[in-house]
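Dear colleague,

I am passing on the structure we spoke of, with some notes on what came out of going through it. Please read the notes alongside the structure itself.

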Amino acid sequence: MKILVSNDDGYLAPGIIALANEMRTFAEVMVVAPDSNRSGSSNSLTLDRPLTVYRADNGFYFVNGTPSDCVHIALTGGLPFRPDLIVSGINQGQNMGDDTLYSGTVAAATEGYLFGIPAIAFSQVEKGWAHVDAAARIAREFVQRDFDLLDKPYLLNVNIPNLPYEEIKGLRATRLGKRHESEPVIKTLDPQGREIFWIGPAGKAKDSGEGTDFHAVANGCVSVTPLQVDLTHAAQLDALKRSMA
Ligand code: MN
């Protein structure tokens, strides 16, 4: 089995090192990741400058681009490796509910999915790497499961509680929850006295009831959400056709 590993926290992040090490125990692995933290980059491709692929001492490839750039280059002839599976992460911090729209971790997986390759995004809830080894072990056990019942390619979004391995209560199939709108932008001044802005934090969970990713993780379970890429609002399409008739 050949596995392509990427992330959005950059090739030096503890999460991708732990994930690659676990995948290597049973698969042929190639790592291609951004050269720096590109969290929140979503599905962006770099089109206004060329990209370079570098090779680190540990064999990881890194790119001066986004997570989507990395997987795109790997799958379109930039690297001699056709994976059976793409895994992304392990992200530092959750990617639940509307986070998935902004997430570079999910985007790296999505890029593989768009090329017809099964893909799984792994994120660990809360910042810090206290239990990254537990999350990596769970990721390995998850990847080694049999997903023959799923249509291929599949795109799975996995969120792992930040707990010791023994305290994690199992897997839950979930739907994405929803958040309230984001917190306000943070306005401050730069050293020259000019007004600058920091994007504020994500909003609090709004739909976090039973069956959601938020609910599973809050109860100590690993949340697994199957994702798709189809933004067409079918019901609105019918209404739109009627209103334009
Ligand atoms: Mn990240």
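The protein is built from seven helices and 13 strands. Its radius of gyration is 19 Å, close to the 18 Å that the globule rule gives for 245 residues, so the protein is as compact as a globular protein of that length. Please keep in mind throughout that this is a predicted model.

Taken along the principal axes, the C-alpha atoms fill a box of roughly 55 × 50 × 45 Å, and of the 245 residues in the protein, 48% are buried. Where contacts link residues at least 6 apart in sequence, 74% of them join residues at least 24 apart.

As for the surface, the protein exposes about 12,900 Å², of which 52% is supplied by carbon and sulfur atoms.

T100 counts as buried because its relative accessibility is 12%, and the cut-off for buried is under 20%. Once its neighbours within four places in sequence are left aside, T100 is in contact with N95, V106, N157 and L176. A121, for its part, is 21 residues from T100 in sequence, and the C-alpha atoms of the two are 9.9 Å apart in space.

Note on methods
Residues numbered from 1 in each chain as written. Predicted model: local features only at pLDDT ≥ 70, side-chain atom pairs only at ≥ 80, totals over all residues. Heavy atoms only, no water. Buried < 20%, exposed > 50% of the residue type's maximum accessible area, 1.4 Å probe, protein only. Contact = heavy atoms within 4.5 Å. Helix = DSSP H or I, 4+ residues; strand = E, 2+ residues; numbered from the N terminus. Rg over C-alpha atoms; globule rule 2.2 N^0.38 Å. Areas by Shrake-Rupley, 256 points an atom, 1.4 Å probe, with all protein chains shown as cover.
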